[in-house]
Amino acid sequence: MQDTSAQILKFYNKKVALPSEERTEMRDRRNTNRQRLKGGLEADEKPQPYGMWSQGSYAMRTMIQDADNDYDIDDGAYFRKDALVGPQGGEMSALAVRQMVCDALQDDRFTKQPEALKNCVRVYYNEGFHVDVPSYREIVEKDEWTGIETKRYELASADWKSSDPKEVTKWFKRQNKNLSPDFDDSEGQYLRVVKLLKMFARSRPSWKGKIATGFMITKLVSDHFYPHSGRDDISLRIVMSNIEARAQKDVAHPTLTGEVISGVDDPRLPFLREKLKENLPHLDVLDEAECTHAEAMKAWDKVFNTDWFSEQPEPQGGERVFVGGGPTAPVQKQGGGRYGRFG
């Protein structure tokens with residue numbers, strides 16, 4: 001396969017990974033929002049969260065650049081169950097907790113005031129991004145025989161439901177460390193491939209709302225990851241092919257046994273597979289021994305719906321780098337899959 005790893009890595013650094021200044025701005029807004037929540041709850045004489053923890057793509061560092069600043073920062077507020085007591089001394093409902101948090105976050109400086117949604121309270125910013133504040137209650141249970149205490153968490157949704165996003169973040173960090181052949185601190189090939197595939201999924205405005213979510217993609221890449229040291233282009237291509245070839249109709253939750261992120265009736269996974277099937281053939285030219293730099297760059301441009309790659313100069317004064325031979329890379333055969341020769 002034509003070696004396009006240098007260009008893929010450059011694309012990742014320039015067009016995919018979130019610039020540090022944007023991440024810093026988001027962190028500052030998140031911290032200000034935390035203070036707003038605590039101050040509002042105090043003013044309303046309501047229970048205080050015992051902690052707040054970022055979650056989702058912000059915590060896992062899988063956020064990608066978005067031209068419209070359509071960023072979603074998840075910042076969970078955690079309460080102790082015994083503190084969530086209503087005015088009559090009864091247990092607060094999930095709706096009541098979400099409304100309590102929503103009321104505390106109101107601020108005259110917002111153009112659009114925060115609103116309580118099904119799973120969180122959303123705080124809108126003029127720049128285009130928003131901060132979602134889901135609320136959780138901590139439940140401590142003690143085994144009557146051993147005396148050992150365990151903790152579990154429930155999200156204030158339509159009702160209270162089991163959820164522990166902090167465990168998801170821990171799971172992701174373990175996967176990045178264990179799967180990446182080049183793991184270094186928080187960076188790794190697994191993380192980069194997740195973000196590159198998320199960029200593919202966001203590359204066409206018409207796909208928005210129809211294609212797999214970032215969480216689904218993160219789990220799919222974990223399920224079908226193919227490490228290849230120094231060659232993110234090979235790893236990404238094989239992962240894309242593996243996902244396209246899968247026959248399963250759901251995506252299992254990584255930490256909640258028996259739960260799914262995407263069920264059999266969810267059209268977003270089939271949509272992702274359909275778009276991968278349409279675009280993977282563009283990369284077939286990379287397997288040709290006479291593939292030129294221009295042809296290789298045009299292929300990636302088609303996949304990511306951009307002209308960025310075609311603007312990249314030929315490496316090493318025009319010398320082509322083709323890696324041929326060696327073992328073929330398997331595409332998982334789940335109900336009629338195929339094998340790819342990306343050596």
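Buried here means under 20% relative accessible area, while exposed means over 50% and partly exposed covers what is in between (1.4 Å probe, protein chains only). This is a predicted model, in which local features need pLDDT of at least 70 and side-chain atom pairs count only at pLDDT 80 or more, while totals for chains, interfaces and linings use all residues. Residues are numbered from 1 along each chain as its sequence is written, and side-chain values use heavy atoms, with hydrogens and water left out.

- Helices (H or I, at least four residues) and strands (E, at least two) are DSSP runs, numbered from the N terminus.
- How far apart are the end C-alpha atoms of α9? They are 17 Å apart, which agrees with the 16 Å that its 12 residues should span at 1.5 Å a residue; the expected span is 1.5 Å times one less than the number of residues.

**His-253**

- You will find His-253 in the loop between β9 (251–252) and β10 (260–262).
- His-253 counts as buried because its relative accessibility is 17%.
- The side chain of His-253 reaches two backbone nitrogens: that of Thr-255 at 3.1 Å and that of Leu-256 at 3.1 Å.
- Setting aside neighbours within four places in sequence, His-253 is in contact (heavy atoms within 4.5 Å) with Val-168, Phe-215, Lys-219, Glu-259, Val-260 and Ile-261.

**Salt bridges**

- How many salt bridges does a search of the whole structure find? The search finds 24, a salt bridge being a side-chain nitrogen of Lys or Arg within 4 Å of a carboxyl oxygen of Asp or Glu.
- Glu-138 and Lys-151 form another salt bridge, with their closest N and O atoms 3.9 Å apart. Glu-138 sits in strand β6 (residues 135–142) and Lys-151 in strand β7 (residues 149–156), 13 residues apart.
- Glu-138 is buried at 6% relative accessibility, whereas Lys-151 is exposed at 53%.
- Asp-284 pairs with Arg-237 in a salt bridge whose closest N and O atoms are 3.6 Å apart. Asp-284 lies in the loop between α9 (268–279) and α10 (293–304) and Arg-237 in helix α8 (residues 232–245), so this pair ties together parts 47 residues apart in sequence.
- Asp-284 is partly exposed at 43% relative accessibility, but Arg-237 is buried at 1%.
- A network of salt bridges links Lys-81, Glu-91, Arg-137, Glu-141, Arg-152 and Glu-154.

**Cysteines**

- The disulfide count comes to 0, where a disulfide is a pair of cysteine sulfur atoms within 2.5 Å.
- Cys-102 is in no disulfide, and the nearest cysteine sulfur, that of Cys-120, is 10.0 Å away.
- Cys-102 is buried at 5% relative accessibility, and Cys-291 is buried too, at 0%.

Notes: Polar contact = N/O pair within 3.5 Å; in protein donor to acceptor, adjacent residues only side chain to side chain.
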